[in-house]
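Me: Hi! I've got a structure open and would like to talk it through with you. Can we start once it's on screen?

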Amino acid sequence: MSTGVDIIEPIADTRTARQVARDTRKHEAMARKRLTSRGATIAALIIAIFWTIPTFGLFVTSFRPGADVQSTGWWTIFTNPSFTLDNYEQALNSGGTALTLGESFLNSLAITIPVVFFALAVASLLAYAFAWIDFKGRNIAFVAVFALQIVPLQMALVPLLSLFSRGLTIGDVTIFPGFDLRDMTHSFATVWIAHTIFALPLAVFLLHNFISEIPSEVIEAARVDGAGHGQIFFRMILPLAAPALASFAVLEFIWVWNDLLVATIFAPSSSLPLTQSLNSLSGTWGNKWFLQAAGTFISIIVPLLVFFGLQRFFVRGLLAGATKG
Amino acid sequence: MTDTHTAPPRQRSAKSAKQPAAQAAPQSRTNALIAVVAAILVVALFLFLILQQPRETKPTSIGFSLNSFFRWLGNQNQLVQIPIVLVVFGAVVGILLLLIEYAPRPGKLYFWIRLVACFALPVLAFMLLRPYQNALLYVLGIAVVLGGAMFLLDYRSREGAGYHFQLVLFAAPAAILLLVGLVYPAIATFVQSFFDKTGKDFVGMDNYVWVFTQPEGTWSVINTLIWVLIAPAFATVIGLAYAVFIDRAAGEKFLKVLIFMPFAISFVGAGIIWKFVYDYRQGDQLGILNAIVTLFGGEPVSWLAVTPLVNSLLLMVVFIWSQTGLAMVILSAAIKAVPPEQNEAAELDGANAWQRFRNVTVPGIRSAIVVVITTVAIGALKIYDIVAVMTGGRANTSVLAFEMVNQQQRFQSYGHSAALAVVLFLFVTPLIVFNVIQIRKQREIR
């Protein structure tokens, strides 16, 4: 039992030892108490309330009848309670002829779910090579991939878009004529590719941190049993790195679902995600706050569910980046 | 982390096992020669390709291509597309892993597998892109030369045949995506920034002059700088204060979730939530901020139109609101990692809570604070959504990332847009370089 107090004489009997331990615990308790003093608690509560009120206000608004919302503040609900779900129905069905908010909700799902898998698979392959295959220039290559975060995705948008739509022509020769997907009913290919690429530098870095920490004995044992890199990757690394994969998956899901910029640039108009529809509808709804409120909550319900359901993984994923990076 | 435990069992193939060490030098010289010859051939084919006479041609493919697959997929229902594309992608990754697994094994069968794969994969990859007929010969030539060189170099490699083959398969998907999607576009944007609107005429530094002289440009630069100075500072200070206040308090978990939740909300959602807070109208106020102002007898204010800077600061509030949770979670974990003995020792020495925080906790979480500040700062530099949703860049609230999309989409002015992107790149650079230095230090320690 280590103690925090200065001990001049070595402790002879167990009773003294226990006494010292008890004192130590008392000191610890005091230290805790003082750190979380009343002033601190009140300050924390004020911050917490300040942080919650904006969301709460809009949440309440989304359930109030339209007429009430337009004439009185949301806080009057406490004196004059009335609730309705009409706002949600109206919001889901509003939108242009091409796309309602409800449809763009499905688009968001169709964009986000595949991207999470693409990014994880491609990044974990490279992360594995960096961690467990020896080759010349490995460290430099690893740092180079991380450093690619230096390229703001804004810088990559326009050339990548023109590569997708017009292809690559050198001189008079066309090597890649571009994708011809504008007239499809729902085409997400370009958005998938763009999101996957932009996720890679960070994904490789975070997954590498985890994969390289796996004990080398485990991998040596598999090699002795005759497994090649393919089997080791699939049957050992993937299960062992599951927590890291899960946490990055959650992060990536929330980022892609919440993205506005990449989708605005790459998605054809029939395949726009929720964020984009919400953004443009919010202009046409103008001051109809009951619709804006309902629309907003339709868009944040999925990330919030993911957040509450998988909070543990979410936090771990962030910390993996933080403590190492 | 290092090279010690990763050495693979060498000499899997009978051939390299027979080779004495003395032959290593001439062998690597031959390898270099092969690489050089292959490179020369590829460059030559490329030059011939550029010098092609123009003639009428159309795309060719081997019956199917990426484009035809995406077109077919594009006609399915959104939700049906998810499983289909995942199964196809899974199959491709599966084949890749099978090749990785079997390729390095010794034996005749595996030799043939490698040989076929080396030629088939590049050819298939190029054909899936539907090259035009006049490019076909050269493209196939390049694919065959690359495949051949790769096979030979791999076959002769010191670690045994198949070693480099599997390495290339592991790294190729990510490497190709990064080169095509980040490296090439970054260079293209840089070049574009010296050309005019249409991208045809060279204009030198004109676009940069525009950025730093026109109001749209200067405001976006000034605002971005203010964002990057103010947002990380506030997010970190509030996050740290909150983390310290609730450390070991009752209901700590719940209190954390309250602050962290906005991080899961999109900037679009956050923008609308706060636009409602700032709402302004005649008569009864709906927005809580103006309601409070009028409660105390003030006149309601159209907050997002107040210049100078007030409206920009109000946008920053939204960003800080969203990012403080991130700062708090990371800092809270770091605080818990500080050994409690240090705090106790300081307490016994008579240090008060503030002194302990200042002299024990803060130095203990220094690296976490650095991480939080750089992460939030990079986020602030790239901010787009909040401005787009809340003000659309009006009333001098524009920032670099927003203005560049604005220039490109509204004004079709690619030169200006590219110059703004390059300026943004220059702003991000020191932060990433700093991070890279930190990582290199850590890797040396390990």
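Me: What domains is chain B divided into?
Reply: Chain B has domain 1 (14–192) and domain 2 (207–445); the bounds come from an automatic or database domain assignment. The C-alpha centres of domain 1 of chain B and domain 2 of chain B are 43 Å apart.

Me: And what should I know about the numbering and the kind of model?
Reply: Residues are numbered from 1 along each chain as its sequence is written, while chains are lettered from A and ligands numbered from 1 in the order in which they are written. This is a predicted model, where local features need pLDDT of at least 70, side-chain atom pairs count only at pLDDT 80 or more, and totals for chains, interfaces and linings use all residues.

Me: What does the model score?
Reply: It has ipTM 0.83 and pTM 0.84. Chain B has an average pLDDT of 82, with 92% of the residues at 70 or above; pLDDT is the predictor's confidence in each residue, from 0 to 100.

Me: Which elements of chain B have the lowest and highest mean pLDDT?
Reply: The lowest is helix α1 (residues 14–18) of chain B at 42, and the highest is helix α4 (residues 78–102) of chain B at 90. Across residues 1–22 of chain B the pLDDT is below 50, and this stretch has 25 contacts in the model beyond near neighbours in sequence. A contact here means two residues whose C-beta atoms, placed from the backbone, lie within 7 Å. Where pLDDT is low, the predicted coordinates should not be read in detail.

Me: Where does α7(B) bend?
Reply: At B:Ala172, by about 45°, and a proline, B:Pro173, follows within four residues. The bend is the angle between axes fitted to the seven residues ending there and the seven starting there. α7(B) has 30 residues and reaches 41 Å from its first C-alpha to its last, close to the 44 Å expected at 1.5 Å a residue; the expected span is 1.5 Å times one less than the number of residues.

Me: What about chain A, which helices and strands are there?
Reply: Chain A contains 15 helices and two strands. Helices (H or I, at least four residues) and strands (E, at least two) are DSSP runs, numbered from the N terminus. Of the 325 residues in chain A, 49% are buried.

Me: Back to chain B: is B:Leu124 buried or exposed?
Reply: B:Leu124, in helix α5 (residues 108–128) of chain B, is exposed because 12 other C-beta atoms lie within 10 Å. The cut-offs are 20 or more other C-beta atoms within 10 Å for buried, 12 or fewer for exposed, and partly exposed in between, with C-beta atoms placed from the backbone.

Me: And what is phi like at B:Arg130?
Reply: Near 60°, a positive value in a residue other than glycine. Most residues other than glycine have a negative phi. B:Arg130 sits in the loop between α5 and α6 (133–155) of chain B, and is buried, with 25 other C-beta atoms within 10 Å.
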